Amino acid sequence: MFEYFIRRIITLFLTLVIASIVIFVSLEIIPGDPASYMLGINAQEDTILALRKELGLDVPKIERYLMWVKGMLIGDFGVSYTYRSPVIEMVSERLWVSLPLAIYALILSTFIALPVGVYAAANRGKVSDLSVMGVTQIGIAIPNFWFAMLLVYLFAIILRWFSAGGFPGWETGIFFGLKSLTLPAISLALPQASILARVMRSSLIDTLNEDFIKTARAKGLSYNQALVSHGIRNALIPVLTIIGLQFSFLMAGAIIIENVFFLPGLGRLIFQSIAQRDIIVVESVIMLLVFSVVVVTFIVDIAYVIVDPRLRSSIL
Amino acid sequence: MSPIINKRKYFHSGFSLSFWVGLVFVLSIFFLAIISFFWTPYDVTSLQISNRFKTPSFTHYLGTDHFGRDILSMVMVGAQTSIAVALVAIGIGIIFGLPLGMIAAAKRGSFFDDLVMRFNDLIFAFPALIIAIIITAILGAGAFNAIIAIGIFNIPVFARVARGAALTQWSKEYILAAKVAGKGSFLISLEHIIPNILNILIVQATIQFSLGILAEAALSYVGLGAQPPIPSLGRMLADSQTMISIAPHMAIFPGMVIVITVLGLNLIGDGLRDYFDPKLRS
Amino acid sequence: MKFIKNIFFIIIAVPLVFSVNANAAKTDLTVGLQLEPPHLDPTGAAAGAIDQVLYSNVFEGLTRFASDGSIIPGLAKSWDVSSDGTTYIFHLNKGVKYHDGSDMDAKDVKFSLDRARAEDTTNAQKALFAGITNVEVIDHHKVEVTLDKPNGNFLFNLAWGDAVIVSEDSIENIKQNPVGTGAYVFDKWVQGDRIELKKNSDYWGTPAKLDRATFKFISDPSAAFASMMAEDVDVFKSFPAPENLVQFEADARFNVLIGSNEGETILSTNNKMEPFNNLKVRKALAHAIDRQAIIDGAMFGYGTPIGTHFAPHHPAYVDLTGQSNYDPALSKKLLAEAGFPDGFTTTLKLPPPAYARKGGEIIASQLREVGINVEISNLEWAQWLEEVFRGKDYGLTIVSHTEPFDIGIYARPEYYFQYDSKEFQKVMDNLTAETNPVQRTSLMKDAQKIIADDYVNGYLFQRAQLSVVNSKVVGMWENSPTQATDLTSVYWQN
């Protein structure tokens, strides 16, 4: 058991190191240069070189890699080439948009999907179930950026109930902040809610077929009582796993939605930084994302093994 | 009331109604895409500014776009692009992922197995769209590079699914018997394991196919897929955005084609899963 | 579940009562811009986007551009030029203060000019200062600048955003916190979203009429359309989606300003690459292009055809469009004469803007008609700069050159179109030295003719300056003689 733990820690560490090398190398071979990008079409060669020197780009690659890694270990993620401000500050500012957006979308999709999934499972086989299944099937098939386009057209341009995008800042009030995140959250939530509803439904159906339900019913509980007290709780386990997966997708996967609604979030930061060849920002943000996912996987793995005794034997 | 019995309608063949609906959708789109290799109602590379923004009519069934191009023809070739990209990306996923998964299952618990699992975790840890953008930044935009970007993410999916399915097979008694009798793992994998996991692989392939179509649409929407003058559904949507109030049909039809294709594939996938898994039928 | 829902609504509703009204009052203006500045120093590694926000609002130079493109006094209220044209004495305005309270005087002018012309300068327009040999402080409000030879463009050069006067005291942090002398003070920058300016109540000249000005960055054309329609922004400078202008014109809430700007949009040709090194081929290229179709298809009719690299609104402009008129038959004939009866294949690399991407598709189709097959690559700016601009690895490309009066780029043989004509270089040298206006005009005309006769590039069109403005806003410039959004005389009318 302890051995397993140690092995996992080592693999975690190795994964991070390999990830950092992969990230660094792939970004170094991108053609294009931040200094040239900043100076644009009127620049002379020598001005570009002077700027590269100022940015610290004339240092050999290996040295830059080591400096970057060393910096990350102490929490210093470097300074953006384009904006000249610390990456960590830029990231935390953007998180104030991306994180609430992801949570908002998650809440929306969960609050819609779970009841719908339960309803469909309870009415399995009837018309209501089939129509729910039909709608969710379509929901999964709709590209979220297309849905966003249509939402903007209807709600922002024609009805003018919402603004077309942008983020006024939390200092103008929570209401206005959330209002500007609403259409984006709905666009993100649609396919997720559809998936979640289907998973809830099938998980619940599976659970209902389990023996312990039959036992509960044999004990005298009505169908609905069995559903609620035993069924839903057990069915939630795979659902929670999916919600966890969705969260990490929402964080980075909202790039396109952030672009459509011009939200100053993490996804758009990466997108812009790639375009501007602001490699330090791209490297550090990807590293942060990878780090969080890898660490969360690690924790979940260990937790599963501790919690579920059945898993322990398969490892040893 | 105890609805334990699945009331889904199954035909004698064992396939549900939704499966057939999905098949019809997908085959229609495929049909249009294949025809577009040889013929389209109009040439997609000829621009006729004077003919732009025409609404659907008998001359142009889906109308024309901002350059006067026939949208039906564009959508046919665009579907061809999406399908080709998604298909080859699956190919990449299977060619590399399947062997990895099989070997990992055969050598279960070994260092190689561990390596494959970590490799999968590593790739899954990377945000897919961002990596796709970076890959196209390095290699340049274009359909071919979009295939690579999407294909890379298919590899761990197939490796994991193949490994999981193979492991179930390995625990079967007749396999153990064969192993004890001295048959090599490689032959066992080839002769016994693969045929039995084919079902799961096919279902997963349809899922990855539909995901690939969505991914290709997303990549071309941000400009990283097939380049002009090759039409692509995602790029058509991006182009249509500023003109949505003048010509909404430009935004509607490419989106609908994507939805129909993905929906069809998902219905087929579900139908196949039901067909292969007898538990759900009776 | 219900409990959670209730809590959720309470959390939203309570702050609603106390939240600040996000709608602007009528002394505030929100301007939409496509490109966000990478930083806020117009004099170091500057991109045009920096000037769009700060020029004339926050920073000022010795001279400046008026809305019609003429050069008027700025921080220098007058100047004396020596008879041989090499010495300038600038008389500075008195009582000018920087936004941090310190005085602006001659030593700041010396500091700014010396910094711009230094060996290791990162000023993007180093060439503007190249002829300066000495900058001398005569007294607090008099500066003497000596040139190595007379330069008819000197006062014009000093009006550029890269020549604004900065302060040594605040130079450390200028990229994040710009301190200038203008009618607006920099307030804050929410990166990725907006920059906020506020009125300078201690301004030395006529104070601004607005209390606050906010620049919002919206790069996506459809988002620009949506935000304007939804009135999230009051003005959109350089509206990127000309296809929507018809809707704004029909809507009483908005005015569409159509002016001229300095953007010559050209089909740049790599003059040193086969087969473009052959004059006949370049001439064939010119006749294969139908300018009006491109203007209509890509720019929805907004734009003026040009026959050479010069702005049509400039008094010295010569209309040479006739010698590159649309004549595909002539084009094919010329190609055959040049040895390409079946045409040839080349690359067309396009940067992100719509005029390039859309224009490129149209041109590709036109070129195909005469047998020239182009492979389109859509590049983002960083790649374009690397491959086309620095690497010169391209056959054709489309880009808009937006600096005013930049025909001088044709005198640089190493510039990305690699055109090397001694005759042209001589004309440009003469022009720089010439201060007599009549002579200057004559030389400018000669320059235009030479590059048109040599068919150096495909001269497509002069971009129209398209802005959408709320109908109650007064004072926005129609034209864009330099990259700037001058808000000094803008206000809301009732």
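This is a predicted model: local features need pLDDT of at least 70, side-chain atom pairs count only at pLDDT 80 or more; totals for chains, interfaces and linings use all residues.
**View 1. The open sheet of chain C has 4 strands.** Reading across the sheet, the order goes S4-S5-S7-S6, with antiparallel pairing. Why do S4 and S6 each have one side without a neighbour in the sheet? Strand S4 (76-81) and strand S6 (132-139) of chain C sit at the edges and each has a single partner strand, so one side of each is left open in the sheet. On average, and with direction ignored, neighbouring strands here are turned by 20 degrees against each other.

**View 2. Strands S6 and S7 of chain C pair up antiparallel.** Zooming in on this pair, you'll find 6 bridges joining S6(C) to S7, which covers residues 142-147 of chain C. Look for C:Asp139, which stands opposite C:Lys142 in S7(C).

**View 3. Domain 1 of chain A meets domain 2 of chain A.** About 850 Å² gets buried between the two domains of chain A, and carbon and sulfur atoms give 70% of that. How many salt bridges are counted between domain 1 of chain A and domain 2 of chain A? The count is 0, though 3 residue pairs across this interface are in polar contact (both at pLDDT 80 or more). On the domain 1 side, helix H13 (residues 279-307) of chain A supplies the largest share of what touches domain 2, with 6 residues.

**View 4. Chain C packs against chain B through 22 residues of its own and 20 residues of chain B.** The two chains bury about 1700 Å² between them, and 55% of this area is on carbon and sulfur atoms. Polar contacts between chain C and chain B come to 3 residue pairs (both at pLDDT 80 or more).

**View 5. A salt bridge links C:Glu361 and B:Arg69.** The rule finds 1 salt bridge across the interface of chain C and chain B. The side chains of C:Glu361 and B:Arg69 meet at 2.9 Å, N to O. On the chain C side, helix H5 (221-229), helix H8 (291-299), helix H10 (354-369) and strand S15 (372-378) each supply at least two of the residues touching chain B. Which of these elements gives the most to that side of chain C? That's H10(C), with 5 residues.

Note on methods. Residues are numbered from 1 along each chain as its sequence is written. Chains are lettered from A and ligands numbered from 1 in the order in which they are written. Side-chain values use heavy atoms; hydrogens and water are left out. Two strands pair if DSSP finds at least two bridges between them. Axes are lines fitted to C-alpha atoms, for helices over the stretch in contact, and angles run from 0 to 180 degrees between N-to-C directions. Contact means heavy atoms within 4.5 Å. Buried area is the accessible area (1.4 Å probe) that two parts lose on being put together, summed over both. A salt bridge is a side-chain nitrogen of Lys or Arg within 4 Å of a carboxyl oxygen of Asp or Glu. A polar contact is a pair of N or O atoms within 3.5 Å; within protein, one must be able to donate a hydrogen and the other to accept it, and residues adjacent in sequence count only if both atoms are side-chain atoms.
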